[in-house]
Amino acid sequence: MPRKSEQTTRQCLVTRDILTKDEMIRFVLAPDDSVVPDLKMRLPGRGVWVTARMELVQQAAQKGLFARGFKQKVTLPDRLAELVAEQLELGCLSALSMARKAGQIVTGFAKVETAIAQGSAIGLIHASDAAEDGQKKLAQVVRRHLGSDGELPLVRRFSAEALSTALGQGNVVHGALLAGSAGKAVRNQVARLDAYLQPDIRDSDSGQDDRHAADAS
């Protein structure tokens, strides 16, 4: 049993790597034996785990590894890996909404500039369809106050329409995340989505035989 200071680990169905649960996606079986992603790790039943990379979820589906992991016949939804990506994206937008309710996000060029100058910004948000001019100007503001425009994590994955809907405001193009648990939650959710969509550069078939099996879920 892991100590409280230790993170619980699981074994990836594809690579056989043993990683922390935060680095993985849990899957469970629905009553009709269909495979369901459990991103919040709360659904009942035995779970199997896959490293949180889109191409590894695709491999698990294509190679029939879910049936092997659950030790029974299973039904796979169409585009399972894409479904996980969509759910991760919805999680990001939900986190943005929570940050707004907590007062840990500001929008509009002037308010974002003020947050950067005051040192209260912990991340920047640009709509994916934002004009380059506004992004460059805010990058200059960050450099002026922090020394480098790489000092603040940047969220640039969602359209102005998606941001506006999530935040309940019109025409959201630029925003700043503010210090606090809700602002940090947005950064964590976006980082998880970004990591999921990145190619996995390891050879997923090169799992070492001497790795220990992970704990049961």
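## Terms and basis of the model

Two strands are said to pair if DSSP finds at least two bridges between them. Helices (H or I, at least four residues) and strands (E, at least two) are themselves DSSP runs, numbered from the N terminus. In strand S9, for example, Ala 176 is the bridge partner of Val 106.

The model is predicted, so local features need pLDDT of at least 70 and side-chain atom pairs count only at pLDDT 80 or more, while totals for chains, interfaces and linings use all residues. Residues are numbered from 1 along each chain as its sequence is written, and side-chain values use heavy atoms, with hydrogens and water left out.

## Overall composition

The protein contains 7 helices and 9 strands. Of its 217 residues, 41% count as buried; buried means under 20% relative accessible area, exposed means over 50%, and partly exposed lies in between (1.4 Å probe, protein chains only).

A contact means heavy atoms within 4.5 Å. Among the contacts in the protein with a separation of 6 or more, 71% are between residues 24 or more positions apart.

Strands of a sheet pair through backbone hydrogen bonds, either parallel or antiparallel. Strand S6 joins strand S9 (residues 174–178) in the antiparallel sense over 3 bridges.

## The three-stranded sheet

Another open sheet has 3 strands in the order S4-S3-S5, with antiparallel pairing. Strand S4 (35–37) and strand S5 (48–51) stand at its edges with a single partner strand each, so one side of each has no neighbour in the sheet. From one strand to the next, the twist averages 35°. Such angles run from 0 to 180 degrees between N-to-C directions, and the axes are lines fitted to C-alpha atoms, for helices over the stretch in contact. Helix H3 (residues 80–101) lies across S3 and S4 and runs at about 25° to S4.

Strand S3 (residues 24–29) pairs with S4 in the antiparallel sense over 3 bridges. In this pairing Phe 27 has Pro 37 as its bridge partner, and Leu 29 stands opposite Val 35. The two strands form a hairpin with 5 residues between them, and Asp 33 in the turn has a positive phi of about 70°. Strand S3 is also joined to S5 by 4 bridges, and these two strands run antiparallel. Because 5 of its 6 residues are buried, S3 is largely enclosed by the rest of the structure.

Which residue of S5 stands opposite Phe 27? That residue is Val 48. Phe 27 is buried, at 0% relative accessibility, and Val 48 is buried as well, at 5%. Leaving aside residues up to four places away in sequence, Val 48 touches Leu 13, Ile 25, Arg 26, Phe 27, Phe 66, Gly 69 and Phe 70. Val 48 and Arg 26 are 22 residues apart in sequence, yet their C-alpha atoms are 5.8 Å apart in space.

Rings of Phe, Tyr and Trp (its six-membered ring) form an aromatic pair if their centres lie within 6.5 Å; planes under 30 degrees apart count as stacked, over 60 as edge-to-face and the rest as tilted. By this rule there is 1 aromatic pair. Why is the pair of Phe 27 and Phe 66 edge-to-face? The ring centres of Phe 27 and Phe 66 are 5.0 Å apart and the planes stand at 70°, so the pair is edge-to-face. The pair links distant parts of the chain, with Phe 27 in strand S3 and Phe 66 in helix H2 (residues 65–70), 39 residues apart. Phe 66 is buried, with a relative accessible area of 1%.

## Cysteines

A disulfide is a pair of cysteine sulfur atoms within 2.5 Å, and the structure holds 0 disulfides. Cys 12 is buried, with a relative accessible area of 0%. Cys 92 likewise counts as buried, at 0% relative accessibility.
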